[in-house]
Amino acid sequence: MTILHWATLSPFLFALLIPMLYKYIKRIHTGWFVLIVPLVLFIYFLSFLPVTSSGGSVNQTLNWVPSLGINFNLYVDGLSLLFALLITGIGTLVVLYSIYYLSKGTEKLNNFYVYLMMFMGAMLGIVLSDNIIVIYVFWEVTSIASSLLISYWFYRKKSIDGAVKSMLITVFGGLSMLGGFSLLYVISGTFSIRELIANADMIAESSLFLPAMLLVLLGAFTKSAQFPFHIWLPDAMEAPTPVSAYLHSATMVKAGIYLVARLTPVFGGSAEWFWIISIAGTVTLFWGSISAVRQKDLKSLLAFSTISQLGLIMTLLGLGSAAFYYSDGMEDSLYTTAVLAAVFHLVNHATFKGSLFMTAGIVDHETGTRDIRKLGGLMTIMPITATVSLVGLASMAGLPPFNGFLSKELFLQATVNVVSFDFFNLETWGVLFPVFAFVASVLTFLYCIIMFAKAFTGKFKPENYDAHVHEAPWGMLISPVILGSLVIIFGLFPNILSSSIIEPAMAAIMPHTQGFDVKISHWHGWSSPALWMTIGVIVFGLGLYMLMNKWSQTSFYLKERDPLNQVYDNWYDGLVKGSQTVTRIQMTGLLRDYIAYMAIFIVMLLGYSMIRYDAFAIDTAHVSEVTPYMWLLVLAFTAATIAVPFINNRLTAVIVISVIGFLLSLFFVQFRAPDLALTQLLVETVTIILFMLVFQRLPKLKKEKSRPRFKLVNLIVSIGVGGIFTMIALSSFAFGSDVNYDSIAEYFIENSKELAGGYNMVNVILVDFRGLDTMLEILVLAIAALGVYTLIKLRLKGSEDV
Amino acid sequence: MKPIKSNEVMLQTLTRILVFIVLSFSIYLLFAGHNQPGGGFIGGLMTASGIALLYLSFDIKSVKQSLPINFITVIGIGLLLAVGTGIATMLLGYPFLTQFFDYFYLPVFGEAELTTAIPFDIGVYLVVVGAAITIFLSIAEDD
């Protein structure tokens, strides 16, 4: 255990203390204690910056299950460090914000902070681990922690529904991912990401390459809310706002982004990876932005905008993977722009989306509503909140001089670059990327204006609010103000990030490409297509907002629920109903049906085996002669047996069955088995007496006098069972006489007198040679007798227990 | 069992004689088992049939008075006997359920063969009798 390991696990360890702190130190808000953890971790991770920015990395090993190659190895490079700083930095701010957001008196703070620490630790584990199985373990912990946090107010139905939905979708993805990881292990024989990257050529040639890739991507897409798995994210907005800000904007949803970025060196360069990620990202970008425009709830709007922005980052990672196609690095900047934009936008999105969620939370907290149809005119009442929101929204819309503008321009530039790619059929379809990017940017701009205008401008209507509306306490404002300042600082001085954070991260995503020279600037000259696109975005976006009165009455705008939820709901209901139907059809509760299943299964299995191995044989050579007396017995036996199903009276049936039994003892006489014949006679007699005793007690009302009903299925099944066993008997007789085994009987014949001193060989076998069988059989008899005795004598009343 | 309503003199008189024969024959079957058809199982069933005949002819109360046996105990004794013969051989260092036999001169019977299989068979006999009668009585006595 190195310091890095302790640091990664420290949130879990601290979570153990939280309930005690909550219980015994009531005076101080538990959040203040929690705040220390991410803050210290953030400072600790800052100390890695010099190492990674000079191109180095830190690698710490800790054996967990070395025999399976599963080790808790931590690996810090530019990409991990970027995420670790995001997680701890925003974590600190979110904890600070939550101290003022959640009340000490009314909320169960112990639960909240335990879940939050659990999440933070798991997230750190994901980004720092080198072993994919360890990543998977932490991955599932984030799913669990996220569901626990979404259902934090578990007495609300919507919270529970949202938690279940996010759990189902992300765990589905997580399990697929585990499958993908297992395939990667099958291909390469290692769970270590660095070794996977080293063996990327071998993986690319494997036939399992595509399945592994698809399964891993399922995990990444479900976690990062990519189309069509994004539907859990808007429903996750039932969580407390600090959770939404932390999990559902800055960290958890970026776990999928992290995974894609991390595995790009493994899978990148293939056409499938490029197309799947780029298309999924673009569709998500477009769908998220168009859905966000329709939302009336501030947090839903932000949720869809998060989806859209994640799609944007995903698109960029997809486009960036093209750099692997030309790994010798000619015209590098053309491809690496996309990765640069992805990393930069990742940071920017975390800052502005975090601050936007926090301001939305403040608006909710201070006014009691998040509905944009009720809100309005808050600018003068909440000036600081309004300012921070304006900065965040302007950055999200891509306006200068904020950081969103820079990454958005890089994004547009990257999509334009695609047009000049000349592989993967990009000559024909590549032109769609800038088109979609442009339309989605216009919509992004539109929902940003809508959000700001509806919430903060216009006329203040006090009657819409239950509470007395006022500016938030300063403590609640610290975090959004810090994030908002970062938006401005990164916007004005983007290059403070370039060599410290962005270049190492790019180097981690593209280990083969050397020497990035990241220079982010606001001005690219008039010739830059991205500039004209930005101007176009502003013009079209403003135009659409001006026309809002026209289209706001259409059903497109009025219905806000994502149509894909229908698919999910139908699937969910269908799954429940379908499984209920299957169970109802099959589990009838009728013993006769279960017996039919078993019989049919046995017949089919045996029949299949017989046909499969061609095991049919009939041998007449070893058959002994049948005497007329035997024929007579067989005839009587058969007649009695056939008669049984047709008898409509129980008593008669029992008598006929006993006739069969007595005929059987005659068979035993014929086959010279006097002991068997005697036993059969006596058992038959005792059985009849028992039958009579029981029949006396059958209830009068339900006495079944009718004939047994005829059922074709029963007839077929019973003929099948009889037929198959006859065939097996004939075949085994034929094969048995072929192989000429020496019967063990010879031994008993020779030794029954010598060794056991008895002439009755049957009895000698029963009590001497194989006495154990007999002993256990009498045990069976004893148990049966005691069972009958207890069943009849023990009469418990309803609630009594044995 | 139904309470006796009619006069069943014939049945009861015959039973008195028959049960005697049946029981004697069942004991014969038990001991003849080693060399002739028979054995503990058959003997036990035969005894059980004899006792069942008693119960069928007389009412349960009077049979219980003349046969004051708890048949569940009989099952237990039988199992103990059967397992005991096995364990006894183990104490002498032989595998479980090893059987021995030898020839002895007995005062009345002359030379006779005695074997450890006989107590085992008696155990079987007792379990069978006990189990069969327990089942009979449980069902018959149930109201």
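Q: Why is A:Met510 called buried?
A: In this predicted model, A:Met510 has a relative accessible area of 0%. Buried means under 20%, exposed over 50% and partly exposed in between, with a 1.4 Å probe and protein chains only; A:Met510 is therefore buried. The residue is found in the loop between α22 (495-509) and α23 (529-546) of chain A, where helices (H or I, at least four residues) and strands (E, at least two) are DSSP runs numbered from the N terminus. A:Met510 and A:Phe324 are 186 residues apart in sequence and 7.7 Å apart in space, C-alpha to C-alpha.

Q: Why does A:Val576 count as partly exposed?
A: Its relative accessibility is 38%, a value that lies between the limits for buried and exposed, so A:Val576 is partly exposed. A:Val576 is found in helix α26 of chain A.

Q: Why is A:Thr88 called buried, and which residues is it in contact with?
A: A:Thr88 has a relative accessible area of 0%, which is why it is buried. A:Thr88 is found in helix α4 (residues 78-101) of chain A. Leaving aside neighbours within four places in sequence, A:Thr88 is in contact (heavy atoms within 4.5 Å) with A:Pro38, A:Leu41, A:Phe42, A:Phe45 and A:Leu124.

Q: What makes a set of residues a nonpolar core?
A: The set consists of buried Ala, Val, Leu, Ile, Met, Phe, Trp, Tyr and Cys residues joined through side-chain atoms within 4.5 Å. The largest such core has 208 residues, and A:Phe45 and A:Ile126 are among those with the most contacts inside it. Helix α16 (residues 332-367) of chain A gives the most, 19 residues.

Local features need pLDDT of at least 70 and side-chain atom pairs 80 or more, whereas totals for chains, interfaces and linings use all residues; side-chain values use heavy atoms, without hydrogens or water. Residues are numbered from 1 along each chain as its sequence is written, with chains lettered from A and ligands numbered from 1 in the order written.
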